[in-house]
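Welcome! Take a moment to look over the model below, and then we can walk through it together.

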Amino acid sequence: MTRPTGRVLTLLELLESGGTRTLAELADRLGVDPRTVRRYIGHLHDLDIPVEAVRGRYGGYRLAPGHRLPPLMLGDGEALAVLLGLVAAHRTGLTAATATASETAAAKIRRVLPRRLAHRLDAVLDSLTFTGPPGPGPAAAPDAGVLLTVADAVRHRRPLSIRYTDRRGRHSERTLHADGLVVHSGRWYVTGTDPGIGEERTFRLDGITGARTLPGMFEAPASGPEPAERVLTGFATAAYRHEVVLHVHGTLARIRTRLPASVATVEEAPDADPVPERWYRVTLRVERLDWLPPVLASLDLPFAVERPGELRDLVAAFADRVAESARRTLPGPP
């Protein structure tokens, strides 16, 4: 690529970043004089790229809405972000575009990726599972370099050394045999085994500040729950202030509408008869109990509280408030 052509493409990339760029700023960023910048603007016009001049004290140049999308200049990290966004939206059913549109858009970007980056992206996609649609609030995006390194280790069964900061701000360095990447409620997790203690571990990717592969390979687990299931079970069994045990009569699908796998574990009662509606033993670990009575009421299923006794009192108080509201009448017009 000749130097003038490279500068024209750099000019386009600057304009695509948004806003109005002054002539002096563009000249400085490109390392040329203002007259040359105007000539490069002319080259973009010749390519039917809609660049408009903005007059006045704060004037300069900016991209204007055009009749077609101008060529996009994406860096490696930007291309990775766009492709992962398309894949996530397609797999979780959040995209408004048709499946064909998503696939063709992804294919166009993949065609221009450097082969090295394309292989690393394949490692991410091969290792990735989703537990469901993203949750509310902004997602905690992992570092692109960490994500690519972890995904490569998952795909090729290579040990990892990671630097990790937990939610209390404590720093540590761990060795991990990573076996899966999971996206849950907008957050990224890596699952695996700590070879030093032989225990399964799950780490949030945005807590990993550095990752590098180690020599050698490890054997994949012969059996056991899938990575997404381990992430959900980890949430449901985490250590919290209260352990709640309930018995609920209904179908498993109905119970899961209000008590998903990330919140509760569900097991059949030992004497359950083989019918779709039966008694299930439900266990939750929670910091607070006050949100449970309205959730249990919304199930509209028979239930009994095994423990704690404090929850029985909260359920009874909630029922009294609902009954009182049902009996309440407003005074009529005078």
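**A walk through the structure**

Let us begin with an open sheet: four strands form it in the order 10-11-9-12, with antiparallel pairing. Strands here are DSSP runs of E with at least two residues, helices are runs of H or I with at least four, and both are numbered from the N terminus; two strands pair if DSSP finds at least two bridges between them. At the edges of the sheet are strand 10 (264-268) and strand 12, each pairing on one side only. From one strand to the next, the twist averages 25°.

A word on how to read this: the model is predicted, so local features need pLDDT of at least 70 and side-chain atom pairs count only at pLDDT 80 or more, while totals for chains, interfaces and linings use all residues. Residues are numbered from 1 along each chain as its sequence is written, and side-chain values use heavy atoms, leaving out hydrogens and water.

Now follow strand 9 (residues 242-250). With strand 11 (residues 278-286) it pairs in the antiparallel sense over nine bridges, and here His-247 stands opposite Arg-281. Strand 9 also pairs with strand 12 (residues 303-307), again antiparallel, over four bridges. Along this pairing, Leu-246 faces Val-305 and Val-248 stands opposite Phe-303. Helix 11 (residues 309-327) lies across strand 9 and strand 12, running at about 145° to strand 12.

Next, turn to a pair of helices. The axes of helix 2 (residues 23-30) and helix 3 (residues 34-46) come within 9 Å and cross at roughly 95°. Axes are lines fitted to C-alpha atoms, for helices over the stretch in contact, and angles run from 0 to 180 degrees between N-to-C directions. Helix 2 is therefore roughly perpendicular to helix 3 (65 to 115 degrees; under 35 is roughly parallel, over 145 roughly antiparallel, the rest oblique). In contact (heavy atoms within 4.5 Å) are Leu-23, Leu-26, Ala-27 and Leu-30 of helix 2 with Pro-34, Val-37, Arg-38 and Tyr-40 of helix 3.

Which two rings make an edge-to-face pair? Tyr-164 and Phe-203 do, because their centres are 4.8 Å apart and their planes are at 70° (rings of Phe, Tyr and Trp, its six-membered ring, pair with centres within 6.5 Å; planes under 30 degrees apart are stacked, over 60 edge-to-face, the rest tilted). Tyr-164 in strand 4 (residues 160-165) and Phe-203 in strand 7 (residues 199-204) are 39 residues apart, so the pair links distant parts of the chain. Tyr-164 is buried at 11% relative accessible area, and Phe-203 is buried at 3% (buried is under 20%, exposed over 50%, partly exposed in between, with a 1.4 Å probe and protein chains only).
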